[in-house]
Structure formats: structure tokens, C-alpha cells
Amino acid sequence: MNKNSKSKYIYLSPVIIYAIVLILFPIIYILFLSFQTSDNYGGIIYSLTLNNYLKIFDIVYLRVLYKSACIAIITTFICILIAYPFSIFISEKKANTQKILITLVMIPFLTNSLIRTYGWIVLLRKEGVFNSVLRSLNLIDNPISFMYNNLGVFIGLVYTLLPFMILPVYSSVSKIDKKVLEAAEDLGANSYQKFMKVILPQTLPGIFNGSLMVFIPAIGMFFIADLLGGGKIMLIGNLIKNQFLVSRNWPFGAAISIFLIVITFILVKFYKKSGGNMDDLGGF
Amino acid sequence: MQRHKHLKNIFILIVFLFLYLPIITLIIFSFNTSSLNIVFEGFTLDWYTKLFSNSALLEALLNTIIVSVVSTGVSTIIGSLAAIGLYKFNFWGKELINKLLYIPVVIPEIVLGISLLSVYTLLKLDLGMGTLIISHIAFSIPFVIISVRTVLNSTNFQIEEAAHDLGANELKTFFYVIIPEIMPGIISGATLAFTLSLDDVIISYFTAGPGSNTLPLQIYSMIKTGITPDVNALTTLMIVVIMIVLMISSLIQIRKIKKEAM
């Protein structure tokens with residue numbers, strides 16, 4: 001008993017300290033901050049107010065929230081539209097080819113995400129590669145604005161987040177038993193029925209998983225909006241960043257963060273209700 | 001049917017083109033004589049030599065490596081112990097700890113970043129390498145736990161009991177039975193932690209201080225002021241290293257499979 005409790009202590013005390021000090025406490029602290037008042041110089045006046053939460057519903061901020069949510073939803077849909085057929089086509093290849101192709105999906109994402117974003121800037125800007133190619137082919141007279149607008153932000157977000165959709169969707173597609181598909185064919189199902197009745201239901205958890213992994217970061221990736229949106233497009237991430245580093249209104253920034261946490265928890269609840277496994281969110 | 005297959009292959013090819021286009025562009029421009037990353041004017045290796053005299057970039061690279069190695073080491077040890085502990089033991093509050101561990105995985109990174117920044121400010125900790133390493137440990141541990149737990153769930157723990165019955169003590173069982181058994185999970189968890197740490201922009205942005213610029217942060221400020229092709233050269237070198245590591249690991253895998261088949 002004594003020995004057992006000693007080893008229990010060694011295994012578990014680091015993680016318990018970690019979970020309390022670096023997860024629970026910081027979140028409780030920003031929850032506390034979100035009820036305080038800012039003195040506009042980065043200081044905090046201790047109070048108990050709901051003003052920061054009411055401020056979120058100010059039309060100026062609601063617009064940012066609405067636009068950021070739209071951008072994240074559209075990004076998620078584009079990722080599904082690319083990742084889903086891509087995963088199905090790949091799963092039809094030989095096992096070894098599949099392994100190589102999936103590794104090839106991973107490689108770009110082992111390099112720095114800012115560097116890759118910069119790669120897009122080189123391609124997309126006014127004097128960039130795309131425009132100079134189009135111009136030398138005499139297809140355009142004036143350069144096209146590929147970036148510093150919504151298009152640039154979408155390209156950046158879809159590019160950065162696509163593998164987070166491909167991996168879970170591919171893993172659910174590749175788990176489909178080929179025999180079930182054959183059985184469906186033998187029973188006279190056409191391709192449409194086969195897709196709706198067999199493939200889609202079995203891959204829905206993968207799609208949900210991928211959507212969560214794309215949607216949540218897409219709200220927060222302020223550096224993509226900064227670099228490819230040219231500062232004109234504000235994501236919720238930019239709003240929080242500005243409250244903490246520019247306007248120095250930490251309580252308001254904290255309130256928006258708590259708001260995001262609540263939204264995340266609601267989405268995760270839905271994911272779990274639909275049969276999603278929590279460990280799948282962190283395993284790649 | 002044949003035409004169908006071609007269309008599918010073309011689709012796969014286009015997706016890969018999309019994934020690789022920015023990287024290939026940067027690699028090509030790393031050999032360009034012009035410093036503007038606009039048109040290719042001629043071939044040179046100058047940027048590769050210039051890279052080694054760009055002290056800001058090299059310092060950022062060194063910081064990144066220190067932060068990634070230290071945070072991966074610490075989070076792999078804590079995470080592996082935690083995964084075993086949470087698997088083996090029941091205790092009061094286990095449910096809460098398990099729930100807390102998912103928070104860094106699911107909440108937007110920026111929320112974790114600002115909440116850690118707030119706590120460091122509250123505790124009057126100076127932002128720097130210390131806070132940066134603590135923050136990276138904070139977001140890595142849950143990923144290690146999940147990786148190790150996945151392996152544990154498919155492991156037969158009667159081996160451990162057998163080791164005990166045969167007289168192995170706790171320490172021996174741990175090093176000769178448990179660790180080898182869960183090694184694949186530890187390795188994939190550590191790899192994941194290392195990759196996440198190496199690439200992290202958002203959390204580092206809030207928790208780094210003067211003198212602890214990491215490579216992503218350095219590149220972020222360079223993109224705003226103007227990037228020189230020595231950054232392209234560094235990227236190219238990093239990609240080469242990653243490719244070599246991947247090739248070696250897949251060669252090892254193939255040899256292992258062949259050995260097992262024999």
C-alpha cells in the first residue's frame with residue numbers, strides 16, 4: 001500500500017501541478033480579469049462589472065465577430081470540399097502509395113508556418129510571381145489583387161489548416177471496410193446510394209473532427225489576417241491581440257477570450273454527442 | 001472509367017501543387033542573384049554564405065532549438081508519467097484533471113497565450129526564455145499524454161504483473177517492461193511536441209520577451225520590414241534536414257518490417 005501510493009505520487013504529482021498551475025489557474029485568472037475595469041494605461045481597476053461582456057455586443061465588435069465567424073465557416077467548408085474527395089481518391093491507391101502520399105501531405109507542415117505564408121506573399125503580391133506570369137502571357141494589363149483582401153486571407157487560412165482536415169477525414173475514409181462497399185454493390189446500390197448510405201455516415205465523425213480542428217484555429221490566426229489581409233481584415237484573434245498589446249484593455253480582451261472558450265466548449269459538446277472521441281482531436 | 005481515374009489523379013496533383021507551391025517558390029528564390037524575391041535573375045549560392053553572417057537570424061534559430069528541445073524533453077517526461085499514472089490509478093479529482101488536459105488541445109491558441117501572459121504579469125515574471133519554455137511545455141504535455149494513452153489502451157498489462165510475479169521490482173518493471181512497451185507512443189508524442197514547438201507563432205508571440213526571439217517571431221518581424229533571401233536559404237536547409245530525417249525513419253521502418261517478416 002505504502003509503496004503503491006509512493007509510485008502513484010511520482011506518476012501523478014507533476015501532471016496535477018501542471019494542470020492546476022498552467023491550465024486551471026490561468027483560465028480562472030482571465031475569468032476574474034474579465035469582470036474588472038481597465039484604466040486605459042494597461043492597469044486594472046478592481047471592480048465587479050459585466051461591462052466587458054456587454055461591450056462584446058456593441059455593433060462595432062459584433063461585426064468583427066460575425067465576419068470572423070463567416071470567414072472561419074467558409075474556410076472550414078472549402079477545406080472539406082478539398083479534403084474529402086482528396087482522401088477518397090487517395091484511399092483507392094495501393095497501401096504503400098497511400099502511406100507515401102499522406103507523408104507528402106505532412107512534409108510542408110513540418111516547416112515554419114510563417115515562412116510558408118511568406119511564400120504565398122511572394123506568389124500573390126502585386127509584383128509577385130502570379131502577376132508577372134499572367135502579364136508576360138499578356139493575359140492581364142493591370143496586376144490582380146490576390147492579397148490584402150478576403151481572398152488572401154482565405155488562401156492563407158485554407159492552406160495552413162487543410163492538413164488538419166485531410167488527416168482525420170483520410171483516417172475515417174481508410175477505415176471503411178471494402179467488403180461492405182462490395183456488399184452494397186451486390187445488393188444493387190448505385191454510386192449515389194453507396195455514397196449516401198455507406199460512405200458518408202462512416203466518415204461523418206472524421207469530418208466533424210476535422211471541422212473542429214479547422215474552425216477553432218481559423219478564428220484565432222491573427223498573423224494570417226495581418227500578413228495576407230493587410231490589416232484590413234480583423235479576425236477575433238486580431239481583436240484579442242489588439243486589446244492585450246495595442247489598446248491595453250486587458251479586461252475586455254479577457255472577456256472576448258472567455259466568450260471564445262464558451263463557444264469552443266459548446267462545439268466540443270456537439271462533437272462528443274455525435275460520437276466523437278476526444279483523443280482523436282490531439283492525435284495526428 | 002479510365003478517364004475517371006485520370007481526373008482523380010489530376011485532382012490529387014492539383015492539391016499537392018497547392019501544398020508545395022509556396023515552398024518550391026522560396027527554394028527557387030534562395031538561389032536567385034536578386035535580393036527582391038520578385039524575378040529570377042541568375043543562379044547564386046551567396047545567400048547560403050550570407051545566412052551564416054546574419055546574427056539575428058542565427059540567434060533566433062538557436063533560441064528556437066533550445067526552447068523546442070527543453071520543452072519537448074520536459075513535456076515528454078511529465079506527459080508519459082501522467083499517461084501511465086492516469087491509466088493505472090484512480091484518485092479523487094481524476095475526472096477534473098482529465099477534462100483540464102483537453103483544454104490546451106481544443107481552445108484557440110491565442111486564448112492560452114493571453115492567459116499565460118496575464119499570469120506571468122500577475123506573478124511579475126520577466127518575459128524571456130523561461131516564460132517561453134514554460135508556455136511551450138504547457139501546450140505540449142496534453143499531446144504527449146494523448147499519444148502515450150493511445151498505445152497504453154492497446155497494451156496488455158498482464159506482462160507487468162508477470163514481471164512482478166517473476167520478482168522484478170517496481171523500477172525494473174518500469175524501465176524493462178513498461179517503457180519499451182509504450183515507446184512508440186512516447187516517440188510519436190515527443191515528435192508532435194517538438195514539431196508544435198518549432199512552429200509555434202501565436203503562444204510565443206505573447207510569452208516571449210526581449211532576447212528570446214524565436215525563428216517564427218524573427219521571421220514575422222522580417223516579413224513586415226522586408227525579407228532577404230537568406231531566410232529562403234534557411235528554409236531550404238530546414239526542408240532538406242526534415243526530408244533526410246523522414247527518409248531515415250522510413251528506412252528504419254522498412255528494415256524493421258523486413259526483419260519481422262524473416
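The predictor assigns the complex an ipTM of 0.89 and a pTM of 0.89. Chain A has a mean pLDDT of 89, with 98% of its residues at 70 or more. For chain B the average pLDDT is 87, and 97% of the residues score at least 70. Among the elements of chain A, the highest mean pLDDT, 95, belongs to helix 3 (residues 59-91) of chain A, and the lowest, 80, to helix 8 (residues 178-186) of chain A. In chain B, helix 5 (residues 109-122) of chain B has the highest mean, at 95, whereas helix 7 of chain B has the lowest, at 74. Where pLDDT is low, the predicted coordinates should not be read in detail.

Chain A contains 12 helices and 2 strands. The order of its elements from the N terminus is α-β-β-α-α-α-α-α-α-α-α-α-α-α. The C-alpha trace of chain A extends over about 80 × 70 × 35 Å along its principal axes. Of the 284 residues in chain A, 44% are buried. Among the contacts in chain A with a separation of 6 or more, 69% join residues 24 or more positions apart.

The interface between the chains brings 70 residues of chain A into contact with 68 residues of chain B. On the side of chain A that touches chain B, the most residues come from helix 1 (residues 2-33) of chain A, which supplies 20. That side of chain A comprises 50 nonpolar, 14 polar and 6 charged residues.

Two packed helices are described by the angle between their axes and the distance between the axes. Helix 3 of chain A takes part in two of the contacts described here. With helix 7 (residues 150-174) of chain A, the axes come within 7 Å and cross at roughly 45°. Helix 3 of chain A is therefore oblique to helix 7 of chain A. The crossing of helix 3 of chain A past helix 7 of chain A is right-handed. The residues of this contact between helix 3 and helix 7 of chain A are 22 nonpolar and 4 polar, with no charged residues.

Helix 3 of chain A also packs with helix 9 (residues 191-220) of chain A, at an angle of about 140° and with the axes 9 Å apart. Helix 3 of chain A passes helix 9 of chain A in a crossing that is likewise right-handed. Residues contributed by helix 3 of chain A include A:Ser68, A:Ile71, A:Ala72, A:Thr75, A:Thr76 and A:Cys79, and those from helix 9 of chain A include A:Ile207, A:Gly210, A:Ser211, A:Val214 and A:Phe215. By class, the contact of helix 3 with helix 9 of chain A consists of 10 nonpolar and 5 polar residues, and no charged residues are present.

Helix 8 of chain A, the element of chain A with the lowest mean pLDDT, has 9 residues, of which the number buried is 0, so helix 8 of chain A lies largely in the open. A:Gly188 follows helix 8 of chain A and has a positive phi, near 95°.

Most residues other than glycine have a negative phi, and most peptide bonds are trans. Two residues in the loop between helix 6 (129-136) and helix 7 of chain A are noted for their phi values. A:Asn138 lies in this loop and, although not a glycine, has a positive phi of about 60°. A:Asn138 counts as exposed because it has 7 C-beta neighbours inside 10 Å. A:Tyr148 is found in the loop between helix 6 and helix 7 of chain A, and its phi is also positive, near 60°. With 19 C-beta neighbours inside 10 Å, A:Tyr148 counts as partly exposed.

In chain B, the axes of helix 7 (residues 158-165) of chain B and helix 8 (residues 170-199) of chain B come within 10 Å and cross at roughly 165°. Helix 7 of chain B is therefore roughly antiparallel to helix 8 of chain B. The crossing of helix 7 of chain B past helix 8 of chain B is right-handed. B:Ile159, B:Glu160, B:Ala163 and B:His164 in helix 7 of chain B meet B:Thr173, B:Val177, B:Ile178 and B:Glu181 in helix 8 of chain B. The residues of this contact comprise 4 nonpolar, 2 polar and 2 charged. Helix 7 of chain B is also where confidence in chain B is lowest, at a mean of 74.

How values were computed: Residues are numbered from 1 along each chain as its sequence is written. Chains are lettered from A and ligands numbered from 1 in the order in which they are written. This is a predicted model: local features need pLDDT of at least 70, side-chain atom pairs count only at pLDDT 80 or more; totals for chains, interfaces and linings use all residues. Axes are lines fitted to C-alpha atoms, for helices over the stretch in contact, and angles run from 0 to 180 degrees between N-to-C directions. Helices (H or I, at least four residues) and strands (E, at least two) are DSSP runs, numbered from the N terminus. Angles under 35 degrees count as roughly parallel, over 145 as roughly antiparallel, 65 to 115 as roughly perpendicular and the rest as oblique. A crossing is left-handed if the near helix is turned anticlockwise from the far one by less than a right angle, and right-handed if clockwise. Two residues are in contact if their C-beta atoms, placed from the backbone, lie within 7 Å. Ala, Val, Leu, Ile, Met, Phe, Trp, Tyr, Cys and Pro count as nonpolar, Asp, Glu, Lys and Arg as charged, and the others, Gly among them, as polar. pLDDT is the predictor's confidence in each residue, from 0 to 100. A residue is buried if 20 or more other C-beta atoms lie within 10 Å of its own, exposed if 12 or fewer, and partly exposed in between; C-beta atoms are placed from the backbone.
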